[in-house]
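Please load the model in your viewer and keep the selection panel at hand.

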Amino acid sequence: MTAAPSPVAAPERRRVRTSARDLAQIAVFAALIAALGLPGALYLGGTAVPITFQTLGVMLAGAILGARKGALSVLLLLVLVAAGLPLLSGGRGGLGVFVGPSVGYLIGWIFGALVIGWLTARLLPRYRILPALGATALGGIVVIYLVGVPVFAAITGNPLGVAIAGSAIFLPGDILKVVVTVLVAKGVHRAWPGLIEPRPWPWKRVASEAAAT
């Protein structure tokens with residue numbers, strides 16, 4: 001007779017469910033990102049990628065909704081844009097946007113929100129300012145640039161070094177967006193705790209599982 005497997009040996013996996021509340025939050029933040037495009041786009045230095053407020057909405061989505069819902073809100077916006085709705089800054093929309101020089105940045109938005117949300121879940125419930133600034137800058141600047149700049153260089157035919165140097169024009173505004181995001185998110189998480197479920201860092205989880213065995 002074989003012994004029944006220990007419940008500790010096979011950790012229970014949590015099922016991820018999307019409730020009506022989750023769908024509403026995703027829709028609201030997709031609308032917020034779209035609304036931040038209403039002031040229009042600013043082209044500086046002859047760059048083909050505009051400066052917009054919409055990156056702020058992407059950062060807020062990740063920092064307030066978390067990785068999954070934040071990324072889904074960005075994905076919903078991009079699906080609507082692909083369907084032809086003029087939801088990007090300057091009234092841009094349609095499939096043509098996704099073959100232009102800025103497509104890498106749009107794709108980077110998804111990964112940026114994902115990284116910000118993943119890191120934010122590990123900073124909660126305390127959500128200290130300095131670590132939050134680092135987490136938001138990593139997702140909202142570094143990750144987006146890592147996708148956007150090489151794609152921009154490939155589409156425009158510019159050397160990668162030139163594309164990297166040209167992206168520096170976005171940094172001051174993006175740093176300001178990081179600061180605004182963290183200040184807003186800190187207030188939101190203090191007023192409405194539980195929007196993002198706090199998660200342990202992977203090494204802490206491994207250590208706790210090793211101690212339990």
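**A charge over a ring**

Begin by selecting Trp-118 and Arg-122: Arg-122 lies over the face of Trp-118, at 3.9 Å from the ring centre. A charge is taken to sit over a ring if NZ of Lys or CZ of Arg is within 6 Å of the ring centre and within 35 degrees of the ring normal.

This is a predicted model, in which local features need pLDDT of at least 70 and side-chain atom pairs count only at pLDDT 80 or more, while totals for chains, interfaces and linings use all residues. Residues are numbered from 1 along each chain as its sequence is written, and side-chain values use heavy atoms, with hydrogens and water left out.

**The loop between α4 and α5**

Next, select Pro-125, placed in the loop between α4 (103-123) and α5 (129-156). Helices are DSSP runs (H or I, at least four residues), numbered from the N terminus. The peptide bond from Leu-124 to Pro-125 is cis, and its omega is near 5 degrees. In the loop between α4 and α5, select Tyr-127 as well. Tyr-127 has a positive phi, near 50 degrees, although it is not glycine. Is Tyr-127 buried or exposed? Tyr-127 counts as buried, at 2% relative accessibility; buried means under 20% relative accessible area, exposed over 50% and partly exposed in between (1.4 Å probe, protein chains only).

**Aromatic pairs**

The structure holds four aromatic pairs. Rings of Phe, Tyr and Trp (its six-membered ring) pair if their centres lie within 6.5 Å; planes under 30 degrees apart count as stacked, over 60 as edge-to-face and the rest as tilted. Select Tyr-105 and Tyr-145, an edge-to-face pair at 6.3 Å centre to centre with 80 degrees between the planes. This pair joins distant parts of the chain, with Tyr-105 in helix α4 and Tyr-145 in helix α5, 40 residues apart. Tyr-105 is buried at 9% relative accessible area, and Tyr-145 is buried at 13%. Now move to Trp-201 and Trp-203, a stacked pair at 5.3 Å centre to centre with 10 degrees between the planes. Trp-203 is exposed, with a relative accessible area of 57%.

**Around Phe-29**

Finally, select Phe-29 in helix α1 (residues 20-35). Phe-29 is buried, at 12% relative accessibility. Its contacts (heavy atoms within 4.5 Å) include Leu-60, Ile-64 and Ser-73. Phe-29 and Ile-64 are 35 residues apart in sequence, yet 9.6 Å apart in space, C-alpha to C-alpha.

Terms used
Helices (H or I, at least four residues) and strands (E, at least two) are DSSP runs, numbered from the N terminus. Lists of a residue's contacts leave out its neighbours within four places in sequence.
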